[in-house]
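Okay, thanks for coming, everyone. Let me put the model up and walk you through a couple of spots in it.

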Amino acid sequence: MCETLLQTARDCGKNTKDGVKSDVYLIAFADLKAVSGSTEVYSTSASGLITEIALKTGSTKFVKYGTVAKQSSIKETYTYNDNGSYDIAKELTFTLSNVGSLAARQGVEKLVSNPVAALVRLETGTWVAFGLNNQFMAKTMEGTAGTGSNGRVITLAGSDTEFLQPVDPAIISALIAA
């Protein structure tokens, strides 16, 4: 089971690229719990806005893990199957800086084979959520060190039955670590 991401992320969730404003916050899915009266870890308004995400008791929160380099790094692909079912594949690609640091190495090791949930603040200031169904994991990681970059490009991916879900900004401060 994935360990809490708090300690590592505080050390390595920094980005040095200029002009980037889309931050990625992660939490181990194991650090979420079902919303009271539900089997889901989140609840939504009638319009589909996420109005609650339940954290396990304690100080564990979503932590800044990296930065989305381009808005096209957030993808969802709807696929209808001939048997009447459908799937929505979601991908989130972001950069974790400093490929040579021990904290960054520990950060990526915790992402391997462990489901996570993500909150992403878009350049527009709105928030979206990924992985609230326990189906979102690291798909690829590519580290580079050179004159043009020094970090790991990480792609998280998973299958869902929901389109990208906007999150009520009023609940964000209670969910993310300072």
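When I say buried, I mean under 20% relative accessible area, with exposed being over 50% and partly exposed in between, using a 1.4 Å probe and protein chains only. By that cut-off, 44% of the 178 residues in the chain are buried.

Quick housekeeping: this is a predicted model, so local features need pLDDT of at least 70, side-chain atom pairs count only at pLDDT 80 or more, and totals for chains, interfaces and linings use all residues. Residues are numbered from 1 along each chain as its sequence is written, and side-chain values use heavy atoms, with hydrogens and water left out.

Now the layout. We've got three helices and eleven strands, where helices are DSSP runs of H or I with at least four residues, strands are runs of E with at least two, and both are numbered from the N terminus.

On to K90, in strand β6, residues 86–97. Is K90 buried or exposed? It counts as buried, because its relative accessibility is 2%. The K90 side chain makes a polar contact with the side chain of D160, at 3.0 Å. Polar contact here means a pair of N or O atoms within 3.5 Å; within protein, one must be able to donate a hydrogen and the other to accept it, and residues adjacent in sequence count only if both atoms are side-chain atoms.

Then there's I53, in strand β3, residues 50–53. I53 is buried too, since its relative accessibility is 6%. Setting aside residues up to four places away in sequence, I53 touches several residues, including L32, F62 and L175, with contact meaning heavy atoms within 4.5 Å.
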